[in-house]
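Work through the exercises below with the model open. Try each task before reading its solution.

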Amino acid sequence: MNIKQRIIGLLSEFEKGKYSNILLNEYFSKNNLSKGERGFITEVFYGVIRNDIYLNYQLEKRTKAIKKNWIKNLLKISIYQATFMNSDDKGIAWEATELTKNKFGIPVSKFVNGVIRNYLRDKEDEIKKLKDEDKLDILYSYPRWFYEKIKKEYGDSTEQVLISLKKVPYMSIRVNTLKYSEKEFETLLKELKIDIIKKVDTIYYVDSGVILHTPEFKDGKIIAQDGSSYLAAKILNPLPGEKVVDTCSAPGSKTAVLGELMNNTGEIFALDIHQHKIKIIEENLHKLGLSNVKPIKLDARKLKEQGQKFDKILVDAPCSGYGVLRKKPEALYNKNMNNVHELSTLQYEILDSAAFSLKVGGELVYSTCTIFSEENTDNIIKFLNNHKNFSVLKFDLPQNVNGHFDSIGGFLIDYTEEILDNFYIIKLRKDFE
């Protein structure tokens with residue numbers, strides 16, 4: 001099957017409501033493809049989803065309603081390649097025409113050829129016009145409200161932020177030090193001819209997803225996890241023998257980091273509100289060889305009602321997810337500022353409950369995978385104003401992780417970071433009851 005036909009099929013499945021990352025991982029696990037084919041499919045599949053507003057805008061200018069989704073997706077793929085990839089324009093038009101001719105015949109292929117050539121002729125003028133008219137929301141495919149919000153928060157850096165959130169993500173793998181070593185993992189990568197793009201402690205960013213289909217992954221020696229997620233758990237720094245709670249733990253990857261740091265001793269209570277996610281946590285932690293974790297179905301807002309006190313608490317709160325748009329681009333289209341405000345309220349309620357349940361002298365890390373101040377800095381300022389018994393603790397990050405500290409001591413892994421997810425992390429201590 002032609003590789004673009006494969007992408008058209010994937011886009012069709014995505015349009016039915018499937019999550020992009022799950023859909024792509026399942027497809028790769030069922031199809032024997034080369035490293036180059038996987039890379040091309042990943043870039044174009046995600047690229048079309050990320051740039052959907054721009055692609056639709058260009059199609060609507062050049063066509064009436066396209067009834068066949070196959071044709072529409074082929075045109076989107078072609079325009080995406082011509083705009084955002086280093087591709088041969090003539091080759092793009094020729095291949096799309098031939099694919100259409102084989103499937104629908106010459107008349108339809110002429111239509112496809114005409115649309116693509118029309119776009120190629122106007123492309124540079126179209127891009128310049130969008131920039132001149134302050135329509136970066138269309139050029140970079142963001143809802144207008146999101147664009148206005150970024151402008152308000154980031155000012156002169158707005159375009160850099162918009163570009164950053166559209167970059168192609170790399171596969172990230174963490175070595176489970178309870179079962180495996182970094183040296184062993186690096187040897188495996190050499191055997192598989194997989195290159196390391198970046199390394200943050202035991203997190204490796206690599207140029208191939210083939211690693212997910214190895215016995216090492218199935219045996220729990222390695223786990224898929226981003227460096228930002230890992231750092232949120234590491235910065236909590238739980239010690240062996242302590243009593244710890246992860247308030248929003250599914251699927252358990254950050255919980256696993258806590259368990260390793262504690263040398264599989266002490267107690268970790270891994271909370272989640274959904275029973276089916278509790279099962280996922282149990283399965284993942286069993287595979288990783290962790291026995292000091294107790295998954296519990298519980299709304300984290302009710303933690304304070306349980307009457308227990310903990311040495312350390314991780315509050316990696318539910319959020320809008322705008323820091324992980326590289327991996328989950330559809331988040332742009334299914335949330336808005338009303339959701340942001342609702343989530344910030346939920347985050348605060350979880351944080352407030354966790355604060356009550358922390359021992360005096362205990363430490364808490366609050367983190368989100370989003371970039372808006374309502375869910376990050378503003379929430380913590382509100383918390384500190386209402387909880388005078390808490391203070392902000394300083395913490396260190398690896399030198400190769402980029403971002404900035406906010407006015408109160410929280411760190412945002414931001415648009416200046418080329419590889420890791422955007423992520424907010426702040427560490428607090430309970431000084432007195």
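Helices (H or I, at least four residues) and strands (E, at least two) are DSSP runs, numbered from the N terminus. The model is predicted: local features need pLDDT of at least 70, side-chain atom pairs count only at pLDDT 80 or more, and totals for chains, interfaces and linings use all residues. Residues are numbered from 1 along each chain as its sequence is written, and side-chain values use heavy atoms, with hydrogens and water left out.

**Exercise 1. Backbone exceptions**

Task: Find where Asp-201 lies, and describe the peptide bond between Ala-250 and Pro-251.

Solution. 
- Step 1. Recall the background: most residues other than glycine have a negative phi, and most peptide bonds are trans.
- Step 2. Locate Asp-201 in the loop between β2 and β3. Its phi is positive, about 55 degrees, although Asp-201 is not a glycine.
- Step 3. Turn to Ala-250 and Pro-251. A cis peptide bond joins them, with omega about 5 degrees. Pro-251 sits in the loop between β5 (243–246) and α14.

**Exercise 2. The open sheet**

Task: Give the strand order of the open sheet of 4 strands, then place the helices that pack on the sheet.

Solution. 
- Step 1. Apply the pairing rule: two strands pair if DSSP finds at least two bridges between them.
- Step 2. Read the order as β2-β3-β1-β4, with antiparallel pairing. The edges are β2 (196–200) and β4 (222–224); each has a single partner strand, so one side of each lacks a neighbour in the sheet.
- Step 3. Take the twist. From one strand to the next it averages 25 degrees. Axes are lines fitted to C-alpha atoms, for helices over the stretch in contact; angles run from 0 to 180 degrees between N-to-C directions.
- Step 4. Examine one pair. β1 (residues 171–175) and β3 (residues 203–206) are antiparallel over 4 bridges. Arg-174 stands opposite Ile-203 in β3.
- Step 5. Helix α14 (residues 253–261) touches β1 and β4, at about 30 degrees to the direction of β1.

**Exercise 3. Salt bridges**

Task: How many salt bridges does the structure hold, and how far apart in helix α6 are Lys-101 and Glu-98?

Solution. 
- Step 1. The structure holds 39 salt bridges.
- Step 2. One of them joins Lys-101 and Glu-98, with the closest N and O atoms 3.2 Å apart. Both residues lie in helix α6 (residues 89–104), 3 residues apart, about one turn of the helix.

Conventions
Contact means heavy atoms within 4.5 Å. A salt bridge is a side-chain nitrogen of Lys or Arg within 4 Å of a carboxyl oxygen of Asp or Glu.
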